[in-house]
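Thanks for coming. I have one structure to go through today, and I will keep to what can be read from the model.

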Amino acid sequence: MRKLVLSLLSMAVLALAGCGSSSSTAEGGAAGVGSAAAAASSVSGTISVRGAIQPSPNAQLTINLVDASAGQGGAAPLASKTVDGGVTFPYAFELNFKPADIKSADLYVVRAILTDGNRHYSMPMQAPVLTNGNANQTKIELQADPTPAEKDLAAFKSLVKQIGGMKVTSGTKLDADASRSWQVFRDNGQVKMIRELVDYGDKGFTSTDFAYNNGAPWVAEQKKKASQNAAPSQIERASWTQNGMLVLHEQQSGSDVGDLGSDAAATLLRQAKAIYNLAGGNKK
């Protein structure tokens with residue numbers, strides 16, 4: 001009986017020892033994970049560009065590791081890398097930083113800035129890393145934003161669809177070498193668009209939509225034809241800022257779209273101002 005009691009006590013001691021050992025191992029494992037996170041000194045990942053509009057070989061890519069917590073908007077990046085041209089996507093990156101700079105309660109994100117001339121690419125979603133349960137690796141997708149010229153053209157096309165509900169006045173004028181007519185579209189007394197038709201006889205025909213913003217030329221789209229009922233042989237488009245800076249400048253022949261020269265754009269601007277005055281757009 002005494003031997004049996006001793007055996008049971010021995011088993012109980014061993015069982016308790018085993019529990020203590022298991023607990024120590026679990027705590028040690030958790031501590032190891034925590035120290036691994038605390039010891040991270042870099043973030044890495046890949047950056048890709050989705051959609052049909054891909055950057056050219058001249059695009060510039062900047063990658064920043066920043067503290068996105070409230071009040072940290074103006075803080076300098078903890079790590080940064082810039083690649084001037086020659087970026088192949090998907091692009092693999094690594095940013096090194098000082099572990100002591102990381103605050104466990106703050107939010108850290110990787111921000112990719114890609115510019116290609118007038119084209120900018122943005123991140124639809126944030127890429128959080130390091131804290132709040134986030135790893136030190138991430139995948140970033142960029143997408144192309146509309147250029148200022150594309151925004152002007154899209155807004156212009158939207159305006160063209162609206163002119164049917166506007167107040168319309170019209171006029172005509174016979175010049176020595178051309179016959180012209182126009183329609184003025186107003187909304188709340190403001191000239192939004194003037195559509196001008198000019199017949200140059202055997203020298204051709206033009207149909208032009210001039211859009212205005214507070215009385216200043218904004219967008220012009222001119223279709224050049226052999227005659228009034230012929231298909232356009234060429235379409236010229238231009239847009240300007242309120243102070244006259246050229247934004248959109250394109251020329252289309254068939255399905256080919258290229259750059260509209262500065263002289264041709266300046267001619268459209270002069271025509272926009274001339275028809276505005278001729279059609280009485282400057283009168284209240």
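This is a predicted model: local features need pLDDT of at least 70, side-chain atom pairs count only at pLDDT 80 or more; totals for chains, interfaces and linings use all residues.

The mean pLDDT of the chain is 87, with 85% of residues at 70 or more. Helix α1, residues 2-38, has the lowest mean pLDDT among the elements of the chain, at 41. Where pLDDT is low, the coordinates should not be read in detail, so I leave that stretch alone. At the other end of the scale is β14, whose mean of 98 is the highest among the elements.

Now the sheet. Which strands make it up, and in what order? The sheet is open and has 8 strands, running β9-β10-β11-β12-β13-β14-β15-β16, with antiparallel pairing. At its edges are β9, residues 167-174, and β16, residues 256-259, each of which pairs on one side only. On average, neighbouring strands in this sheet are turned by 15° against each other, direction ignored.

A few of the pairings can be followed along the chain. Strand β12, residues 205-213, is joined to β13, residues 216-225, by 9 bridges. In that pair, Asn213 stands opposite Ala216 of β13. Next, β14 and β15 run antiparallel and share 5 bridges, with Ile235 opposite Gln252 in β15. These two strands form a hairpin with 5 residues between them, and Gly244 in the turn has a positive phi of about 90°. Then β15 is joined to β16 by 4 bridges, again antiparallel. There, Gln251 has Gly258 in β16 as its bridge partner. The hairpin of β15 and β16 has 2 residues between the strands, and Gly254 takes a positive phi near 65°.

What lies across this sheet? Helix α2, residues 148-162, lies across β11, β12, β13, β14 and β15. The helix runs at about 75° to β13.

That brings me to the second largest pocket, which holds about 150 Å³ of space. Which elements give two or more residues to its lining? They are α2, β12 and β13. The lining consists of Phe156, Lys157, Val160, Arg195, Ser207, Thr208, Asp209, Glu221 and Lys223. By type, the lining divides into 2 nonpolar, 2 polar and 5 charged residues.

As background, most residues other than glycine have a negative phi, and most peptide bonds are trans. Where does the model depart from that? Phe89 and Pro90 are joined by a cis peptide bond, with omega about 0°. Pro90 is in the loop between β3, residues 79-84, and β4, residues 91-96. The other case is Asn132, which is not a glycine but has a positive phi of about 60°. Asn132 is in the loop between β7, residues 128-129, and β8, residues 137-144.

Methods
Residues are numbered from 1 along each chain as its sequence is written. Side-chain values use heavy atoms; hydrogens and water are left out. Two strands pair if DSSP finds at least two bridges between them. Axes are lines fitted to C-alpha atoms, for helices over the stretch in contact, and angles run from 0 to 180 degrees between N-to-C directions. Contact means heavy atoms within 4.5 Å. On a 1 Å grid over the protein atoms alone, a cavity is a set of points where a 1.4 Å probe fits but cannot get out, and a pocket is an open set with protein on both sides within 12 Å along at least five of seven lines; lining residues have an atom within 4 Å of a point. Grid points are joined across faces, edges and corners, and a volume is the space filled by probe spheres set on the points. Ala, Val, Leu, Ile, Met, Phe, Trp, Tyr, Cys and Pro count as nonpolar, Asp, Glu, Lys and Arg as charged, and the others, Gly among them, as polar. pLDDT is the predictor's confidence in each residue, from 0 to 100.
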